[in-house]
Amino acid sequence: MTEPDYTPWVERIDALAATAERELIRLAEINSGSNNLPGLRALADVLAQQFAPLGGTLTRSELGCTRRINDAGEEEPWEHGPMLSIRKWPGAPLQVLLVGHMDTVFPVDHPFQSVRALPQGRLHGPGVADLKGGLMVMLNALSVLEGSPWAGRLGWEVLLNPDEEIGSPGSAPFLAAAAGRNHLGLVFEPSMPDGTLAGVRKGSGNFVVVFRGRAAHAGREHHLGRNAIRAMADFTSSLDDLNGQRPGVTVNPGFVSGGGPVNVVPDRALLRFNVRIDQVEHEDWVLGELKRLSSDITGRDGFEVELHGGFGRKPKPMTTDTRRLFELVADTGKRLGMDLAWASTGGCCDGNNLAAAGLPNVDTLGVVGGNIHSDREYMELESLISRGRLSALLLMRLASDQTAWPGMPGNSAQGRGNGR
Ligand SMILES: [Zn+2]
């Protein structure tokens with residue numbers, strides 16, 4: 001079968017780039033820190049307008065609450081913001097899920113709030129790379145597909161969540177459900193600064209430990225007190241000592257709080273930490289070690305320890321289908337003169353969630369950028385064009401020739417049923 005000439009459609013991306021740049025600045029100037037619900041709602045309003053010309057069925061929902069432990073060690077409701085999803089052509093034989101997040105790591109009171117152009121064609125601003133630039137890449141690629149002769153031959157679902165930067169606690173069930181009704185996933189996280197994509201990703205767990213001792217007057221009855229800060233410090237040192245014990249496992253004590261007036265023996269302290277693992281089997285080892293460290297403390301007279309949290313994201317392995325998808329992306333890049341490689345990373349994202357639900361996915365199809373999660377975050381403006389072309393061509397190839405995706409039902413024994 002001769003392949004169609006996609007060039008005239010791919011080149012439409014270039015004409016969309018100026019608008020994409022302007023709209024990206026508009027998005028980045030709306031603060032959408034994960035806990036800034038009014039900001040996330042305002043951003044969702046703008047995105048709903050931007051994506052409306054694509055057609056399809058747009059659904060806007062509020063994720064509602066999960067629970068979290070506050071810095072005083074008490075459980076409280078944790079409200080998450082809006083989620084947008086759009087579905088089009090659900091009857092097409094091949095269904096693609098496109099995922100991006102609306103939230104950033106910058107809270108509403110963070111000093112980093114504005115966008116400016118840098119020399120060498122860069123844009124500097126909160127979320128310009130992670131992930132708002134990717135939202136523009138996604139939008140433009142879909143609008144090229146929908147304006148092409150292959151529109152309607154590929155079903156797609158867009159899912160934009162408000163809680164990725166805090167581990168997707170509210171949107172995880174929606175990601176898993178969407179993974180179940182699509183054949184492959186494209187996630188628009190930024191690539192590495194040199195354009196390399198993320199391949200294998202580590203899994204991640206977030207934990208909180210609350211230490212309770214006994215308050216006492218620091219002068220008169222110091223001996224009756226049980227110092228929760230000391231218990232926390234001992235636990236934290238032993239926890240940090242787990243680093244280096246198993247290859248592929250790292251532990252990061254990241255936040256502590258506790259105590260009060262210095263003339264009182266503190267009866268409460270709290271530790272938050274993150275664990276990264278490269279094999280799912282490490283979960284049991286880590287949990288066993290945490291239990292051991294906890295009982296070291298509770299074995300002491302007058303102390304209690306509460307351990308909260310768990311592994312929210314499984315490691316993302318390179319499965320056969322994921323490798324095929326990477327090869328398809330790389331081959332698509334090659335046709336555009338791009339040399340795309342992928343590398344392992346300790347970072348994780350919603351690509352981990354989709355992989356855990358069985359959906360092969362490439363998760364760094366957004367813009368090229370760097371210094372993400374810092375006030376030096378930037379993106380390469382040129383990548384609005386190059387990455388837009390990449391995703392547009394990928395979608396058109398999948399739409400026009402469905403043998404392009406070997407995981408397609410009929411092409412392989414493991415084809416996933418549509419509409420599950
Ligand atoms: Zn991100």
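Visitor: How many salt bridges are there between domain 1 and domain 2?
Guide: The count between domain 1 and domain 2 is 3 salt bridges. A salt bridge here is a side-chain nitrogen of Lys or Arg within 4 Å of a carboxyl oxygen of Asp or Glu. Please keep in mind that this is a predicted model, where local features need pLDDT of at least 70 and side-chain atom pairs count only at pLDDT 80 or more, while totals for chains, interfaces and linings use all residues. Residues are numbered from 1 along each chain as its sequence is written, and side-chain values use heavy atoms, with hydrogens and water left out.

Visitor: Where are the domain bounds?
Guide: Domain 1 covers 7-202 + 315-404, and domain 2 covers 203-313. Those bounds come from an automatic or database domain assignment. The C-alpha centres of the two domains are 36 Å apart. Domain 1 brings 18 residues to the contact and domain 2 brings 20, contact meaning heavy atoms within 4.5 Å.

Visitor: And how much area is buried between domain 1 and domain 2?
Guide: About 1,300 Å², with carbon and sulfur atoms giving 51% of it. Buried area is the accessible area (1.4 Å probe) that two parts lose on being put together, summed over both. On the domain 1 side, Asp71, Lys202 and Pro315 lose the most area to domain 2, together 45% of what that side buries.

Visitor: Back to salt bridges. What does arginine 313 pair with?
Guide: Arginine 313 meets aspartate 350 at 2.9 Å, N to O, and also glutamate 164 at 3.6 Å. Arginine 313 sits in strand β14 (residues 304-313), and glutamate 164 in the loop between β6 (155-161) and α5 (172-180), 149 residues apart. Helices (H or I, at least four residues) and strands (E, at least two) are DSSP runs, numbered from the N terminus.

Visitor: Is arginine 313 buried or exposed?
Guide: Buried, at 6% relative accessibility, and glutamate 164 is buried too, at 4%. The cut-offs are under 20% relative accessible area for buried, over 50% for exposed, and partly exposed in between (1.4 Å probe, protein chains only).

Visitor: How many salt bridges does the structure hold?
Guide: The structure holds 26. One of them joins arginine 122 and glutamate 380 at 3.1 Å, N to O. Arginine 122 is in strand β5 (residues 122-124) and glutamate 380 in strand β18 (residues 378-380), so this pair ties together parts 258 residues apart in sequence. Arginine 122 is partly exposed at 27%, whereas glutamate 380 counts as buried at 18%.

Visitor: New topic: what coordinates the zinc ion?
Guide: The zinc ion is held by His101 (NE2), Asp130 (OD) and two entries for Glu189 (OE), at 1.8 to 2.8 Å. Donors are N, O and S atoms within 2.8 Å of the metal (3.2 Å for Na, K and Ca), and water is not among the atoms, so sites may look incomplete.

Visitor: Why is the arrangement irregular?
Guide: Because the 4 donor atoms subtend angles of 51 to 138° around the zinc ion. Four donors count as tetrahedral if all angles lie between 85 and 135 degrees; four count as square planar and six as octahedral if opposite donors are over 155 degrees apart and all others between 65 and 115; anything else is irregular.

Visitor: How are the donors spaced along the chain?
Guide: They follow H-x28-D-x58-E. Aspartate 130 is in helix α4 (residues 128-147) and glutamate 189 in the loop between β7 (184-187) and β8 (197-201). Aspartate 130 is buried at 4%, and glutamate 189 is buried at 8%.
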